[in-house]
Each structure stands twice: as C-alpha cells, then as structure tokens.
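This report goes through a single model, from its salt bridges to its sheet and one of its helices. Please keep the sequence and the structure in view while reading.

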Amino acid sequence: QGGCGSCWAFGGSESLSDRFCIAGNWSKNVPFSPQYMVSCFKNLDGCDGGYAGLTWEDLAKQGTSSDECVPYQGIDTSCPAKCADGSAIKAYKPGKIYSEYVAFDPEATVKAIQRDLMKYGPQEACLWLFEDFIHYAGGVYQPNFATGLAGGHCTKLEGWGQDAKTNLPYWLVANSWGTKWGEEGRFRILRGANTCGIEDEVVSGIPIL
C-alpha cells in the first residue's frame with residue numbers, strides 16, 4: 001500500500017476478488033482495484049484510512065473495478081470516469097454484506113468466521129495494531145501492549161490453523177505491506193482470544209456474478 005493509508009481498500013478489494021473467483025469458478029483470478037475505492041468511496045477517507053463496515057457498504061452501492069482498469073497509485077486522486085485504457089469501467093459488487101460478530105459469544109463468533117471462510121472464501125478483518133507488530137517476522141503474533149498503540153489496520157483473513165511448535169491456534173492473514181514483511185507478506189495471529197480485536201470486525205459479502 002506504500003505511504004497511503006489504504007489498508008481498508010486492499011482488505012476489501014482482495015477478499016471480494018477472491019470471492020468472485022471462488023463463486024464464479026474462474027480459471028484466472030481478476031484482482032480488483034483498491035485505487036478505485038480510494039478515489040471514489042466518499043464515505044471513507046482515502047489515504048487517511050477507513051473502516052470495514054463502511055467499505056463493504058460502499059462496495060455494495062458502487063462496486064469496484066479491476067486493478068487493470070484502475071491501477072494502484074497510492075495517492076488520493078479524483079474518481080475516474082473511464083479505465084486507464086479509455087474503456088468503460090465494469091463494476092464488481094457484493095449483494096448481501098454482513099459481519100460475523102456474535103454479541104457476547106466469542107466462541108460462536110470464531111465458528112461463524114470459520115464456516116464463512118470455508119463456504120465463501122477470504123474476509124476483510126480489521127484490528128488494533130501495537131508498535132511491535134510493525135517488526136513482526138514470524139510465528140503466532142501476540143501483542144506486546146507495552147510498545148504502545150499504533151492505530152487501526154485492515155487486512156484479508158484467509159484461514160486458520162495450529163502452530164506445530166507451540167500448539168497455539170491462529171488465524172492466517174494477508175497484509176498489504178509487501179512480501180518482504182512478516183511471513184512473505186502474511187502473518188499469523190492468536191485465534192479465539194479476540195487478539196487486537198480482530199474477531200470483532202470481520203466483514204464480507206456474497207458476490208453478484
């Protein structure tokens with residue numbers, strides 16, 4: 001994502017494109033455009049950040065283009081009227097949008113997230129970051145609260161597992177900071193304890209094919 005606070009757009013566009021690929025049984029995935037969302041979703045703050053709930057509301061209203069149509073620039077720009085090659089913009093939208101959060105029942109929330117992942121594919125998940133997360137290099141992440149709060153961050157939740165060395169349960173999550181960070185661009189975070197609030201804000205939708 002570079003120097004633009006567009007994590008919310010990456011988490012939404014990447015999980016939606018994966019869901020389209022799965023639901024449509026596409027032989028080739030079509031990456032969707034976070035830049036279109038940064039430039040066109042006026043309910044959010046572009047490079048100054050956003051929220052998963054509002055992201056998916058705007059995806060349902062406006063959709064987003066393919067990344068080829070509106071390539072990523074990592075800056076706030078005006079909303080494009082046409083694709084970069086001059087062709088018309090095709091919008092990809094979810095229909096039903098929803099959160100997996102089950103009030104006052106953390107175990108049910110985890111199970112709901114897992115069922116949805118299995119059935120439809122990746123989801124957008126947002127969490128609170130502490131300073132030590134920036135230097136994460138591998139393993140099942142548990143925050144060092146003493147390092148201080150760094151702010152909110154949105155990601156793509158892809159799956160779950162159990163660490164072979166520590167037996168700790170984890171979520172597998174794709175970040176938007178490049179493949180040199182973490183575990184080749186991904187991280188694992190403790191599952192079932194609402195670590196950094198990640199299980200509170202998991203949002204997704206059903207693609208309109």
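Are R188 and D163 buried or exposed? Both R188 and D163 are buried, where buried means under 20% relative accessible area, exposed over 50% and partly exposed in between, with a 1.4 Å probe and protein chains only.

## Basis of the values

This is a predicted model, in which local features need pLDDT of at least 70 and side-chain atom pairs count only at pLDDT 80 or more, while totals for chains, interfaces and linings use all residues. Residues are numbered from 1 along each chain as its sequence is written, and side-chain values use heavy atoms, with hydrogens and water left out.

## Salt bridges

Seven salt bridges are found in a search of the whole structure, a salt bridge being a side-chain nitrogen of Lys or Arg within 4 Å of a carboxyl oxygen of Asp or Glu. One of them joins the side chains of R188 and D163 at 2.8 Å, N to O. R188 belongs to strand β6 and D163 to the loop between β4 and β5, so this pair ties together parts that are 25 residues apart in sequence; helices (H or I, at least four residues) and strands (E, at least two) are DSSP runs, numbered from the N terminus.

A salt bridge also links E158 and K156 (3.4 Å, N to O), with E158 partly exposed at 23% relative accessibility and K156 buried at 8%. These two residues form a network of salt bridges together with D18 and R186.

## The sheet

Seven strands make up an open sheet of mixed pairing, in the order β1-β7-β2-β4-β5-β6-β3, where two strands pair if DSSP finds at least two bridges between them. Because β1 and β3 (140–141) stand at the edges with a single partner strand each, one side of each is left without a neighbour in the sheet. Strands β2 and β4 run antiparallel and are joined by eight bridges, and C126 stands opposite C154 in β4.

## Helix α4

The 15 residues of helix α4 (residues 106–120) should span 21 Å at 1.5 Å a residue, and the end C-alpha atoms are 21 Å apart, which agrees; the expected span is 1.5 Å times one less than the number of residues. Among the buried residues of α4 are V110, I113 and L117, and its buried residues pack against elements including α1 (7–23) and β7 (202–207).

K111 is partly exposed at 43% relative accessibility, whereas E107 is exposed at 55%.

Conventions: Contact means heavy atoms within 4.5 Å.
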